[in-house]
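Reader: Got a model to go through with you. Can we take it piece by piece?

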Amino acid sequence: MARLVKLQNEIERIKEKYFTRNRFAEENRQRENEAAIKIQSWFRGWQVRAYLSHLHWKATIIQKIWRGFRARARFRQTVKAVYFIMKMNFYHKMSVRIQRRWRGYYVRKYVHNYYARRRYMEGLIRKNEEIRRDLVDFSEFQRREREQIAMDREEQKKTVQAQRMHFLLSTKQCPGVFNSPFKPEPDEMELRLRRTKPQPPTASPRERDSRLGNRIPSTHSSASIARAHGAQPLPPIPIKKPQGPFREAAEVWAQRHRSLEPSLRVQTSITDLEEAQDQLRLEEWRNRTVDTLFQPFSKAHQNRRYERMIHTSSSFQPVPYGNKHFREERPDNLLGKKPLQRASSRLCNTHLRTAYTLPRTHQHIMEMPMWPAWSASHSTKT
Amino acid sequence: MSQRQVLQVFEQYQKARTQFVQTVAELATRPQNIETLQNAGVMSLLRPLLLDIVPTIQQTSALALGRLANYNDDLAEAVVKGDILPQLVYSLAEQNRFYKKAAAFVLRAVAKHSPTLAQAVVDCGGLDALVISLEEFDPGVKEAAAWALGYIARHNGHLSQAVVDAGAVPLLVLCIQEPEVALKRIAASALSDIAKHSPELAQTVVDAGAIAHLSQMILNPDAKLKRQVFSALSQISKHSVDLAEMVVEAEIFPSILVCLRDPDEYVRKNVTTLMREITKHTPELSQLVVNTGGVAAVIDYLGECQGGVRLPGIMMLGYVAAHSENLAMAVIVSKGVPQLAICLSEESEDHIKAATVWAFGQIGRHTPEHARAVAAAHVLPKLLALYMDPDSSEDLQIKAKKALKSILQKCTHLPALEPLLYEAPSNILKHVVYQFSKVLPHDSKARRLFVTSGGLKKVQEIKADVGSALQEYINSINNCYPEEIVRYYSPGYSETLLERIDKYQPV
């Protein structure tokens, strides 16, 4: 009961408290609400931020790994590219060296061959000497020929003269014109007169000719056309002019002699390309004193690789047949007896061994270690 | 009067006419009578005698007319104006061979003086008549007709074309094959006159097969024939490479070289002309000529002959050397340079000197070796003298300057360049000093020689505009020497030394 009475006394206080509490709560509700909101928002924000930073962290990890992967791939690519470029530079440098040597060799041998040019000049000098000598000889020969002909003609003339003036020969009584008594020797004409037979003077040239049968063109013989004594020569026969609408002669002449004006395409000959190639070839021919062309592998037949005889070699080991012996020997069939000593074998084998051994280059291949199984089977065979 | 007396009158008249015509023909052979004859009016008297009944009078009057027209172009014009040509042309077709010869002679005499007269001959139909006479049997008629055609074709291309269009060329080629030497000569000369004007005409001559027959006559003993043959071949080959190659393919080398020793001067000249026309086209043809020893033969020829006939030989050497440096070296090796130097000093005519100078330029312009060979023959001072001489013609001066420049640009032989330092004008001096400035930095012996021979002194004395190329070269030469030597040789050094004496205070 007492509690009830206390409680009833408290009711007013409780109501007051209730009201004041509610009033305080009401008054502070706003503030507290805001505070709560603030706390919540901070917390939520913190949560989200924590989540975001977690996400960032993870994303960073992923990106890091990815970028690393990509960068390494790219690096590998760049390394490959740089390596490739380095190799190519090296190849370029080396090929420049090769080309340098090759071009120097080629030019010195086939284009500007100093020795060929020198040989050409020497040959030219020799040829010039030859030609000069030949020309001198020939002109000498011709001069002698001409002199000979002139002398012969002189002789002939003098002989004819002597024949015709034979009457000037000196007689015993009276010395001739050419045999003057005051001179020690008679003149050469006198000697010629003595040598030649006399020829009496012949008739005049006209009669001579007609006697020989040549008809002399006389003034009247050309009137071959029988004409009356006072007749005029006939007038010319007129040529018929062609009738029709023909052009003037001057026009035809001008048209006929009009120069050709071809277009560029027509002007270019069909063999223009070949001509250009010919021209280039001629240029090369002219500029080179060396006529030999460079022919790759032209000495291939001289540098033949040694070909092994198939019966005396195999890829595995040297075959003694053909090198060390030529006869097949089967010691098993001898059954313990000694093999027959042939007189030739002692002599021949030594020679044969040296003549038919393979060249040294292949020896080291021959002397490779042999498979035991193979050697065993092989030795049983021999 | 009896019949005999009547006939005697006619006989007398005929005798008088014959005598007149024969005397006039004889008088017309001497040039001093022709003036008198012309003044006496011989043309108008001879003209009716051409139509005389008696053939001898016709022939002799034609002969007299021909001789008169031959002498002088006024008389030839008078022949044309007197309308004599149509009658002659008509009778060329009709009459006998003596008249044909005389008529062809008249046509030739008229046509030879000038193109207008030759055109007049062509206009009255002379060409067809002459071509018909070329088909005659008598060699004298053919000769006269061929001669007339040759003289007509000589003047210009139109007339030659007219002669070709009349169909003369195949007949002329047939004439060349005849046995008579005189006919061959005239036919060859006519072909040469036709072919000389243009490549088409030369091609026409070649198409008729002339080259083979001409080349067969190269070794004929008759000198005048050889002259004409070589002249014809050179006129054919001068136009183009193809024609020259066709001439060469007729295998004229090396038999042509033999004719370079012919006693006749004009044969030799025509041979060298032919060789020049062949070598001027391409290096291959020059190479062919060089390989057969043609250069040596021409050089010997230059040594033996004198005067204007040397010109084709000199030009041939120039053309050969111009094509390439191998060929120029071949000319040098065949001892061409001393011979050309002799030609340069012996000849007095400017055009021959100009050709020699040009040939030197072509030989020496290729490489230092060539320039050295040219300079070693002491040619450079001569070239300079020709360039500086006021008496030399302009052409010679221009050629000398070009040759000098082209040789100097390659010359590294300093002893030959030194004389040029003293006399050259500034435009040549520039090149000389340039060559020195190129060589001196690398050769110590040459530097020493340069100083001792007085070249450095001369170089210091050269006045050049500051900043010009010449000054640069002089500076580069001065840089080859130590300061003191350059100062020692600079002009006015003795004065500066003496001034130092004035300023010096003895201790």
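Reader: Gln460(B), buried or exposed?

Author: Gln460(B) is buried, because its relative accessible area is 14%. Buried means under 20% relative accessible area, exposed over 50% and partly exposed in between, with a 1.4 Å probe and protein chains only. This is a predicted model: local features need pLDDT of at least 70, side-chain atom pairs count only at pLDDT 80 or more, and totals for chains, interfaces and linings use all residues. Residues are numbered from 1 along each chain as its sequence is written, chains are lettered from A and ligands numbered from 1 in the order written, and side-chain values use heavy atoms, without hydrogens and water.

Reader: Which helix does Gln460(B) lie in?

Author: Helix 32 of chain B, residues 455–461. Helices (H or I, at least four residues) and strands (E, at least two) are DSSP runs, numbered from the N terminus.

Reader: And what does Gln460(B) touch?

Author: Leaving out residues up to four places away in sequence, Gln460(B) touches Asn478(B), Val486(B), Tyr489(B), Ser490(B) and Pro491(B). Contact means heavy atoms within 4.5 Å.

Reader: Zoom out. How many helices and strands in chain B?

Author: Chain B has 35 helices and zero strands. Of its 507 residues, 54% count as buried.

Reader: New topic: how many disulfides over all chains?

Author: Zero, from a search of the whole structure. A disulfide is a pair of cysteine sulfur atoms within 2.5 Å. For Cys343(B), the nearest cysteine sulfur is that of Cys305(B), 7.2 Å away.

Reader: Why does Cys343(B) count as buried?

Author: Because its relative accessible area is 0%. Cys259(B) is buried too, at 2%.

Reader: Now the interface. What area is buried between chain B and chain A?

Author: About 3000 Å², with carbon and sulfur atoms giving 58%. Buried area is the accessible area (1.4 Å probe) that two parts lose on being put together, summed over both.

Reader: Which residues of chain B lose the most area to chain A?

Author: Arg261(B), Glu284(B) and Asn326(B), together 20% of what that side buries. In contact terms, 31 residues of chain B meet 34 residues of chain A.

Reader: How many salt bridges across the interface?

Author: Three by the rule, which takes a side-chain nitrogen of Lys or Arg within 4 Å of a carboxyl oxygen of Asp or Glu. Asp165(B) and Arg256(A) meet in a salt bridge, at 3.8 Å from N to O.

Reader: Which elements of chain B give two or more residues to that side?

Author: Helix 4 (55–71), helix 11 (157–165), helix 18 (255–258), helix 20 (283–291), helix 21 (294–304) and helix 23 (325–333).
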